[in-house]
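Here are my notes on the model, point by point. Please read them with the structure open.

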Amino acid sequence: MSDTTDNVNEQMEKFQKIWMETFSRMSQSAFTFSPESAPPEMLRQMRSGIFQALAQSWDEYLRSPQFMEGMKQWMDSAIFFRKMTDDLLTKARHETQDIAREDIDSIMLAVRHMETRILDRMEELSARIDKVSEQVELAGPNGAIKAKPAAAKARGAVRNRRNPKAAEPKE
């Protein structure tokens, strides 16, 4: 026989083993009741035992390496199929001189970059406008400065040491 047939037979044997273990656990749990218990209690015990055995067997099956590998192969083939159909549709649309999704995505990306650059520039301009408005607020209606900012005070102190007449207040 070929390798694929052997592989399929091996996988079927493992699958069959899991189910046989499940059914044996279910039958064992179904008959673990005491003769003194009432029939409804016995049925509850059977039901909980069956559910517990099913949960345990499905947990083992879903965590098995064979199932994980099968899911990985299925997901890989689904992704490949999706990419292949996207490429085929894009090619068909380009050949008919139509707009493809790829074109729209690239335009959207360019618009997002432009939007980011514009917003950054607007924030810079807003900061500059805030500085100018602070300077205008510090200057009174007649142009006299009400309070000097820290940098202006430092420059004024240097001027006062050089020119003592500049230190006198003006009114």
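1. A definition comes before the pockets. A pocket here is an open set of grid points with protein on both sides within 12 Å along at least five of seven lines. A volume is the space filled by probe spheres set on the points. The model is predicted. Its second largest pocket has a volume of about 270 Å³.

2. Which residues lie nearest the centre of the second largest pocket? They are Gln 11, Phe 15, Tyr 61, Gln 66 and Phe 67. By class, six of the lining residues are nonpolar, five are polar and two are charged.

3. Now the helices around the second largest pocket. α1, residues 3–30, and α3, residues 65–95, each supply at least two residues of the lining. α1 gives the most, with six residues.

4. Rolling a probe the size of a water molecule over the atoms shows where empty space is left. A search of the whole structure finds one cavity of 30 Å³ or more. The space in the largest cavity is about 30 Å³. Its lining consists of Ile 18, Trp 19, Ser 57, Trp 58 and Tyr 61. α2 gives the most, with three residues. The lining of the largest cavity has four nonpolar residues, one polar residue and no charged residue.

5. On to the rings. How many aromatic pairs does a search of the whole structure find? The search finds five. One of them joins Trp 19 and Trp 58, with 5.6 Å from centre to centre and 85 degrees between the planes. This pair is edge-to-face. Trp 19 lies in helix α1 and Trp 58 in helix α2, so the pair ties together parts that are 39 residues apart in sequence.

6. Trp 19 is partly exposed, at a relative accessible area of 24%. Trp 58 is partly exposed too, at 37%.

7. Trp 58 has another ring partner. The ring centres of Trp 58 and Tyr 61 lie 5.5 Å apart and the planes meet at 85 degrees, so this pair is edge-to-face. Trp 58 and Tyr 61 both lie in helix α2. They are three residues apart, about one turn of the helix. Taken together, ring pairs link Phe 15, Trp 19, Trp 58, Tyr 61 and Phe 67 into a cluster.

8. Thr 90 is a separate item. Thr 90 sits in helix α3. Is Thr 90 buried or exposed? Its relative accessible area is 14%. Buried means under 20%, so Thr 90 counts as buried. Which residues does Thr 90 contact, leaving aside its neighbours within four places in sequence? They are Ala 100 and Glu 102.

9. Last, the charges. Side chains of opposite charge can pair when their charged atoms come close. A search of the whole structure finds six salt bridges. One of them joins the side chains of Asp 59 and Arg 63, at 2.8 Å from N to O. Asp 59 is partly exposed, with a relative accessible area of 38%. Arg 63 is exposed, at 61%.

10. Asp 86 and Arg 82 also form a salt bridge, with the closest N and O atoms 3.3 Å apart. Both residues lie in helix α3, four residues apart, about one turn of the helix. Asp 86 is partly exposed, at 31% relative accessibility.

11. Arg 121 and Glu 124 make a further salt bridge, with the closest N and O atoms 3.1 Å apart. Why are they about one helical turn apart? Because they are three residues apart in helix α4, residues 101–138. Arg 121 is partly exposed, at 43% relative accessibility. Glu 124 is partly exposed, at 45%.

Note on methods: Residues are numbered from 1 along each chain as its sequence is written. This is a predicted model: local features need pLDDT of at least 70, side-chain atom pairs count only at pLDDT 80 or more; totals for chains, interfaces and linings use all residues. Side-chain values use heavy atoms; hydrogens and water are left out. On a 1 Å grid over the protein atoms alone, a cavity is a set of points where a 1.4 Å probe fits but cannot get out, and a pocket is an open set with protein on both sides within 12 Å along at least five of seven lines; lining residues have an atom within 4 Å of a point. Ala, Val, Leu, Ile, Met, Phe, Trp, Tyr, Cys and Pro count as nonpolar, Asp, Glu, Lys and Arg as charged, and the others, Gly among them, as polar. Rings of Phe, Tyr and Trp (its six-membered ring) pair if their centres lie within 6.5 Å; planes under 30 degrees apart count as stacked, over 60 as edge-to-face and the rest as tilted. Buried means under 20% relative accessible area, exposed over 50%, partly exposed in between (1.4 Å probe, protein chains only). Contact means heavy atoms within 4.5 Å. A salt bridge is a side-chain nitrogen of Lys or Arg within 4 Å of a carboxyl oxygen of Asp or Glu.
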